[in-house]
Amino acid sequence: SRLVVDALIQAGLPASSMTTFAALDPSHVRSGRLTPNGERRVATFVSAALDAHLLPVVHGDVVLDAAQGFSILSGDDVVLALCRRAAPTRAV
């Protein structure tokens, strides 16, 4: 994601890499999937970035997991969760 963020910044956009690890605790992820509370938490995290006039760039990450101890949370799953909550016009 660093290359993407750097390119967006070079294009004059206020991009910021958003790691899901920082936003989630084990109760937000079960068996590598966001729980409903996890979806809300990620949406709040991204919304706060947007409110701060940042362009959030989300990606997959290693996260704490209630069922497995830790797991890989797919960036695609994060984007799908955000789309369910916010109905964006596009996601790249």
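In helix α3 of this predicted model, Gly38, Glu39, Val42, Ala43, Val46 and Ala49 are buried. Buried here means under 20% relative accessible area, exposed means over 50%, and partly exposed lies in between (1.4 Å probe, protein chains only). Seen down the axis of α3, the buried residues fall within an arc of 135 degrees, so they line one face of the helix. The arc is that of the directions from the helix axis to the C-beta atoms. The face turned away from this buried side carries the exposed residues Pro36 and Asp51. Helices (H or I, at least four residues) and strands (E, at least two) are DSSP runs, numbered from the N terminus.

The model is predicted: local features need pLDDT of at least 70, side-chain atom pairs count only at pLDDT 80 or more, and totals for chains, interfaces and linings use all residues. Residues are numbered from 1 along each chain as its sequence is written, and side-chain values use heavy atoms, with hydrogens and water left out.

Helix α3 covers residues 36–51. Its 16 residues reach 22 Å from the first C-alpha to the last, close to the 22 Å expected at 1.5 Å a residue. The expected span is 1.5 Å times one less than the number of residues. Contact means heavy atoms within 4.5 Å.

Alanine 86 lies in helix α4. Alanine 86 and alanine 43 are 43 residues apart in sequence and 7.9 Å apart in space, C-alpha to C-alpha. Alanine 86 is exposed, with a relative accessible area of 58%.

The structure holds four salt bridges. A salt bridge is a side-chain nitrogen of Lys or Arg within 4 Å of a carboxyl oxygen of Asp or Glu. One of them joins the side chains of glutamate 39 and arginine 84 (2.6 Å, N to O). This pair links distant parts of the chain: glutamate 39 is in helix α3 and arginine 84 is in helix α4, 45 residues apart. Glutamate 39 counts as buried, at 12% relative accessibility. Arginine 84 counts as exposed, at 56%. Glu39, Arg84 and Arg85 are linked in a network of salt bridges.

The side chains of aspartate 77 and arginine 33 meet in a salt bridge (2.5 Å, N to O). Aspartate 77 is in helix α4 and arginine 33 in strand β3, so this pair too links distant parts of the chain, 44 residues apart. Aspartate 77 is buried, with a relative accessible area of 19%. Leaving aside neighbours within four places in sequence, aspartate 77 is in contact with Gly32, Arg33 and Leu34.

The side chains of aspartate 6 and arginine 2 meet at 2.9 Å, N to O. Aspartate 6 and arginine 2 are four residues apart in helix α1 (residues 2–10), and are therefore separated by about one helical turn. An α-helix has 3.6 residues a turn, so residues three or four places apart point the same way. Aspartate 6 is partly exposed, with a relative accessible area of 33%.

Most residues other than glycine have a negative phi. Serine 31 has a positive phi, near 55 degrees. Serine 31 is found in the loop between β2 (29–30) and β3, and is partly exposed at 44% relative accessible area. Histidine 53 follows α3 and has a positive phi near 65 degrees. Histidine 53 lies in the loop between α3 and β4. Histidine 53 is exposed, with a relative accessible area of 66%.

The surface also bears a nonpolar patch. Phe21, Val62, Leu64, Phe70 and Ile72 form this patch, with about 500 Å² of accessible area together. Patches are made of residues with over 30% relative accessible area and no salt bridge; like charges are joined within 9 Å and nonpolar side chains (Val, Leu, Ile, Met, Phe, Trp, Tyr) within 5 Å. Accessible areas come from the Shrake-Rupley method with a 1.4 Å probe, and for residues only the protein chains shown count as cover. Strands β5 (61–65) and β6 (69–73) are the elements that give two or more residues to the patch. Leucine 64 lies in strand β5. Leucine 64 is partly exposed, with a relative accessible area of 36%.
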